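Please consult the sequence and the model shown here.

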Amino acid sequence: MADNPPYIAQRPKRADGARNYDAILTSARKAFEAEGSDASLEDIAAQAGVAIGTLYRHFPTRAALVEAATRDGLADLVTRATSLAGDDDPLGALAEWMSRAVRHFSTFRGLVGILTQSMYDEGTPSHAACAAMHDSGAELLRAAQEAGRVRGDVTPDELFDLLSGAAWVRENALPGGRDRSDRYLRLVLEGLVAQAPSR
């Protein structure tokens, strides 16, 4: 466990604080999608109509702001995995969830690297959300393996690595270029599918 738990931003109860918090998050999401994870915090504050000190009061670090901006997306992946659990087609369920995960991981430039670090570093604000997302994907992987649809030697960490690779491909598509992550995922799934034993 980390010595000091990471700071997780919470929406204030007071109306004025909640308005500022929401404005900063809206501005941050737009800036991250347009400019990547290194977007200027000063510009984010200005677009939100608040002073930079107000931004830091709500989000003392860039990592805390990124965590808050991506929290809902990671939670949605957990929720979707829960709804797909027990599906009659466990391979199809896993494939759908993987596609959603790749889209979220590549929401903005630099996010896949942040999530990869957060997955294994308990001191980062996004660690708990990443771990919950990882566990939910692992459950879908296990269900597909138990049904004999996916190779039994694939680990949840390897699944996460494959998703990160697909997200990197999507994140780094050339401007105006074709998104090749769908084909990448299809190739990954072909490699994951359990082969029928030869006679």
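Leaving aside its neighbours within four places in sequence, with which residues is Met-98 in contact?

## Contacts of Met-98

In this predicted model, Met-98 is in contact with Leu-159, Leu-163, Leu-185, Val-188, Leu-189 and Leu-192, once its neighbours within four places in sequence are set aside.

## The nonpolar core

Met-98 also belongs to the largest nonpolar core, which has 54 residues. Together with Phe-32, Ile-44, Leu-65, Trp-97 and Phe-105, Met-98 touches the most other members. At least two residues of this core come from each of the helices H1 (15-35), H2 (41-48), H4 (62-84), H5 (90-105), H6 (111-120), H7 (127-146), H8 (156-171) and H9 (181-192).

## The buried face of H6

The buried residues in H6 are Leu-111, Val-112, Leu-115, Ser-118 and Met-119. Viewed down the axis of H6, these buried residues fall within an arc of 130°, and they therefore line one face of the helix. An α-helix has 3.6 residues a turn, so residues three or four places apart point the same way.

The buried residues of H6 pack against H4, H5, H7 and H8.

## The pairing of H4 and H5

Two packed helices are described by the angle between their axes and the distance between the axes. For H4 and H5, the axes come within 10 Å and cross at roughly 180°; the two helices are therefore roughly antiparallel to each other.

On the H4 side, Thr-70, Gly-73, Leu-74, Leu-77, Arg-80, Ala-81 and Leu-84 take part, and they meet Ala-93, Glu-96, Trp-97, Arg-100, Ala-101, His-104 and Phe-105 in H5. By class, this contact of H4 with H5 comprises eight nonpolar, three polar and three charged residues.

Definitions and conventions
Residues numbered from 1 in each chain as written. Predicted model: local features only at pLDDT ≥ 70, side-chain atom pairs only at ≥ 80, totals over all residues. Heavy atoms only, no water. Core = buried A, V, L, I, M, F, W, Y, C linked by side-chain atoms within 4.5 Å. Buried < 20%, exposed > 50% of the residue type's maximum accessible area, 1.4 Å probe, protein only. Helix = DSSP H or I, 4+ residues; strand = E, 2+ residues; numbered from the N terminus. Contact = heavy atoms within 4.5 Å. Arc of directions from axis to C-beta. Axes fitted to C-alpha atoms, helices over the stretch in contact; angles between N-to-C directions. Parallel < 35°, antiparallel > 145°, perpendicular 65-115°, else oblique. Nonpolar A, V, L, I, M, F, W, Y, C, P; charged D, E, K, R; others polar.
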